[in-house]
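Here is a walk through one protein model, from its sheets to its cores and cavities. Take a look at the sequence and the fold before reading on.

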Amino acid sequence: MERLRHDDPPRLGPYLTLARLDADSTDGGALPERRYLARTADGERTVLLCAPLPDAAAPAAWAMEAELASRLSVPRFLRPASQGSEAGLPWYAVPYTPVLPLPAALAAHGGPLPEDLVRRLGAALAAGLAAAHARGQAHAGVSPAAVLLGAAGPLLGCFGAVRSAAPGGRPGLDPGCLAPELRSGGRPEPLGDVFALGAVLAYAASGHTVPEQSELPPGLRRLLASCLARDPADRPSAPQVLHALSTTGPARTPAPAPAPAATPAATVLDEQAPPPLPGRVVAALAAQSAELLASELPAAPPAQPAPQKVH
């Protein structure tokens, strides 16, 4: 949680803003949108509240992307539950669960994440992207800041950040996540999402979206290099990334064979088995939840006295 700034809206729709989710600046690059932890005035509902950046997004286009995301039922995609507009500023809200943006998770952990967690994280995100691509939809907003880590696994927010960018402006994404065809003005396509996913996993494994090969775990170098190929035709599809991440990995001691009647072991494809998070990341999630529970609602503005009749 980060303190509100003087230019943050005190209220959007029925929600009073309590804190920012993101720090003002992170090692994960630019932020695609403003994100707040907010609560209704009666204290009954707490939400993650999102709004466009003042200069990065065209408000009408941003609102259209939020509407489209609310109608998509895609695993691992953050799905708006309600949306509206306040004084011309569109917003959407999702029920609150403790989450950390990927840059905050690396900061809490004290550096890059373990390779096994990077693989599990990548497999979960690739599965969501594969489902969206099968429906003809490109996410067009994949970046470290768009990845939200929680106890139930990762969620991918900032849907459509590239499509909703203001004319002549940037979509608020880390430049390392923009595929070459997007930087030259091309339209978002599924293989652009694969490029961005490669940059996100490179960031998770090294702390940089454009790392040196030597900074990456040897077991990930070949896959990430293919995701980050300049020519889209040289990149794997999201299902191929998913397959690569779920069938290979760092060397492990072989586990004993299960008994014939045993319950099958959980895999990275099992939605009931989210990636286990490092202890410091879990502690940061718990601290966020405790701090939010202890937050007091801003004082309501004083009621205006009723106008007096002049006789």
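How many bridges pair strand β8 with β9, and in which sense do the two run? Strand β8 (residues 147-150) and β9 pair in the antiparallel sense, over 4 bridges. More on that pair below, after some ground rules.

## Ground rules

This is a predicted model, so to speak of a local feature takes pLDDT of at least 70 and side-chain atom pairs count only at pLDDT 80 or more, while totals for chains, interfaces and linings use all residues. Residues are numbered from 1 along each chain as its sequence is written, and side-chain values use heavy atoms, with hydrogens and water left out.

## The chain overall

The protein chain has 8 helices and 9 strands. Both are DSSP runs numbered from the N terminus: helices are H or I with at least four residues, strands are E with at least two. Of the chain's 311 residues, 48% count as buried. Buried here means under 20% relative accessible area, exposed is over 50% and partly exposed is in between, using a 1.4 Å probe and protein chains only.

## Strands and their partners

Back to β8 and β9. They belong to an open sheet of 3 strands in the order β7-β8-β9, with antiparallel pairing. Its edge strands are β7 (100-101) and β9 (153-156), each of which pairs on one side only. Within the sheet, V147 has L156 of β9 as its bridge partner. For pairing to count, DSSP must find at least two bridges between the two strands.

Strand β6 (residues 89-95) has partners of its own. Strand β4 (residues 46-52) is joined to β6 by 4 bridges, and the two run antiparallel; V47 has its bridge partner in β6 at P95. Strand β5 (residues 82-86) also pairs with β6 in the antiparallel sense, over 5 bridges, with S85 standing opposite P90. The hairpin of β5 and β6 has 2 residues between the strands, and A87 takes a positive phi near 50° there.

## Nonpolar cores

In soluble globular proteins, nonpolar side chains tend to be buried together. A nonpolar core here is a set of buried Ala, Val, Leu, Ile, Met, Phe, Trp, Tyr and Cys residues joined through side-chain atoms within 4.5 Å. The largest one has 49 residues, and those with the most contacts inside it are L102, L113, V147, L149, L156 and V241. The elements giving two or more residues to this core are α1, α2 (102-109), α3 (115-134), β8, α5, α6 (218-227), α7 (238-247) and α8 (279-294). Helix α5 gives the most, with 10 residues.

A second, separate core has 15 residues, including C50, A57, L148 and L292.

## Cavities

How many cavities of 30 Å³ or more does the structure hold? There are 3. On a 1 Å grid over the protein atoms alone, a cavity is a set of points where a 1.4 Å probe fits but cannot get out, and lining residues have an atom within 4 Å of a point. Grid points are joined across faces, edges and corners, and the volume is the space filled by probe spheres set on the points.

The largest cavity has about 90 Å³ of space. Its lining includes E33, W62, Y92 and F159, and helix α1 (residues 59-71) gives the most to that lining, with 4 residues. By class, the lining divides into 8 nonpolar, 1 polar and 2 charged residues. For these classes, Ala, Val, Leu, Ile, Met, Phe, Trp, Tyr, Cys and Pro count as nonpolar, Asp, Glu, Lys and Arg as charged, and the others, Gly among them, as polar.

The second largest cavity has about 60 Å³ of space. It is lined by 13 residues, of which A140, L182, G192, D193 and A196 lie nearest its centre. Helix α5 (residues 190-206) supplies the largest share of this lining, 3 residues, and the classes come to 9 nonpolar, 2 polar and 2 charged.

## Two loop residues with positive phi

A140, from the lining of the second largest cavity, has a positive phi of about 60° although it is not a glycine. A140 lies in the loop between α3 and β8, and is buried, with a relative accessible area of 5%.

R76 is another case: not a glycine, yet with a positive phi of about 75°. R76 is found in the loop between α1 and β5. Is this arginine buried or exposed? At 12% relative accessibility, R76 counts as buried.

Methods:
On a 1 Å grid over the protein atoms alone, a cavity is a set of points where a 1.4 Å probe fits but cannot get out, and a pocket is an open set with protein on both sides within 12 Å along at least five of seven lines; lining residues have an atom within 4 Å of a point.
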